[in-house]
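Biologist: I am new to this one. Please show me the structure, and then let us go through some questions.

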Amino acid sequence: MTLARRLTAEAIGTALLLAAVVGSGIMGERLAGGNVAIALLANTLATGAMLVTLILTFGPISGAHFNPCVTLADATQGGLRWREVPGYLGAQLVGAFSGVAAAHLMFEEPVFSASQHVRAGGAQLFSEFVATFGLLSVIWGCARLRSSAVPFAVGAYITGAYWFTASTSFANPAVTLARAASNTFAGIRPADAPGFILAQIAGALVATLVFRWLVPSLPKDADAAVTAHLSAQRG
């Protein structure tokens, strides 16, 4: 599986993920009649379901990271070559913004617009740390013994984390940056995005360090984060 194919899979998967996040947010808000809880529930269910299907679809090709935090964490443990990391990050960013644009076009919104949705404060930043720490913990924990369960575990975790975190669990720098270009239900004010991203990176780093200590053999399982991809099957 060539690097070009893997990067294309990362870009398409991330684009579809963002189309689901932003599109379901718009649809939920329009149909909820002002009931924010119902809009968030619709947004949550669509995102969780899409994560499962996208990881199952693109996992065998690229590993289905769709998330710079996952890519960086995987590289630190040897699951991804460092020279491939820039390509993965670039593909995820291009895919994320493409997905936002697609969602906006489907709902007749401006292709890009700076979000006015304020998500600031220590509680929000701590929520993003917890959300990303939990996400990487789920990935590392499941990848060790039951890598086939990772798509379902990740989808279920994000579904839950939408509701138990004050930030609604972005847990993904590419998603955060792209949602800053969406002045819709799922958006985040551009000024708030850097804090979210730093908290996400910190959460991913701490989770990886904790699991590296809990499971000293973790690097042997890094190929399976998020799911084993063809280029990582070394026999």
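Biologist: In which helix does Asn-43 lie?
Modeller: This is a predicted model, and the helices are numbered from the N terminus. The run of residues 36-62 holds Asn-43, and that run is helix α2.

Biologist: Is Asn-43 buried or exposed?
Modeller: Buried means under 20% relative accessible area. Asn-43 has 1% relative accessibility, so Asn-43 counts as buried.

Biologist: Which residues does Asn-43 touch, not counting residues up to four places away in sequence?
Modeller: Leave the sequence neighbours of Asn-43 aside, as you say. The residues that Asn-43 then touches are Ala-20, Val-21, Ser-24, Gly-25, Tyr-162 and Phe-185.

Biologist: How many salt bridges does the structure hold?
Modeller: To count here, a side-chain nitrogen of Lys or Arg must come within 4 Å of a carboxyl oxygen of Asp or Glu. The number of salt bridges in the structure is four.

Biologist: Where do Arg-6 and Glu-84 lie, and how many residues apart are they?
Modeller: Their side chains meet in a salt bridge, at 3.0 Å from N to O. Arg-6 belongs to helix α1, residues 3-31, while Glu-84 sits in the loop between α3 (68-76) and α4 (85-106). Both Arg-6 and Glu-84 are buried. The pair links distant parts of the chain, and the separation is 78 residues.

Biologist: Why does the salt bridge of Glu-109 and Arg-30 tie together separate parts of the chain?
Modeller: The closest N and O atoms of Glu-109 and Arg-30 are 3.1 Å apart. Glu-109 lies in the loop between α4 and α5 (122-145), and Arg-30 in helix α1, so the parts they tie together are 79 residues apart in sequence. Arg-30 is partly exposed, at 48% relative accessibility. Glu-109 is also partly exposed, with a relative accessible area of 27%.

Biologist: Asp-192 and Arg-189 meet in a salt bridge. Is Asp-192 buried or exposed?
Modeller: The N to O distance in this pair is 2.9 Å. Arg-189 is partly exposed, with a relative accessible area of 29%. Asp-192 has 8%, and the cut-off for burial is under 20%, so Asp-192 is buried.

Biologist: What does α5 reach from its first C-alpha to its last?
Modeller: α5 has 24 residues. At 1.5 Å a residue, 34 Å is expected. The model comes close to that, with a reach of 36 Å.

Biologist: Which residues does Ala-131 contact, leaving aside neighbours within four places in sequence?
Modeller: Ala-131 lies in helix α5. At 0% relative accessibility, Ala-131 counts as buried. Tyr-157 is 26 residues away along the chain, with 9.1 Å between the two C-alpha atoms. The contacts of Ala-131 are Tyr-157, Thr-165, Ser-169 and Ala-171.

Biologist: How many residues has the largest nonpolar core?
Modeller: Nonpolar side chains tend to be buried together in soluble globular proteins. Here the elements that give two or more residues to the core are α1, α2, α3, α4, α5, α6 (150-164), α7 (173-179) and α8 (193-214). Leu-135 is one of the residues with the most contacts inside the core. The size of this core is 47 residues.

Biologist: Another core lies apart from it; how many residues has that one?
Modeller: Ala-11, Ala-75, Leu-80 and Val-85 are among its members. The count for this other core is seven.

Notes:
Residues are numbered from 1 along each chain as its sequence is written. This is a predicted model: local features need pLDDT of at least 70, side-chain atom pairs count only at pLDDT 80 or more; totals for chains, interfaces and linings use all residues. Side-chain values use heavy atoms; hydrogens and water are left out. Helices (H or I, at least four residues) and strands (E, at least two) are DSSP runs, numbered from the N terminus. Buried means under 20% relative accessible area, exposed over 50%, partly exposed in between (1.4 Å probe, protein chains only). The expected span of a helix is 1.5 Å times one less than its number of residues. Contact means heavy atoms within 4.5 Å. A nonpolar core is a set of buried Ala, Val, Leu, Ile, Met, Phe, Trp, Tyr and Cys residues joined through side-chain atoms within 4.5 Å.
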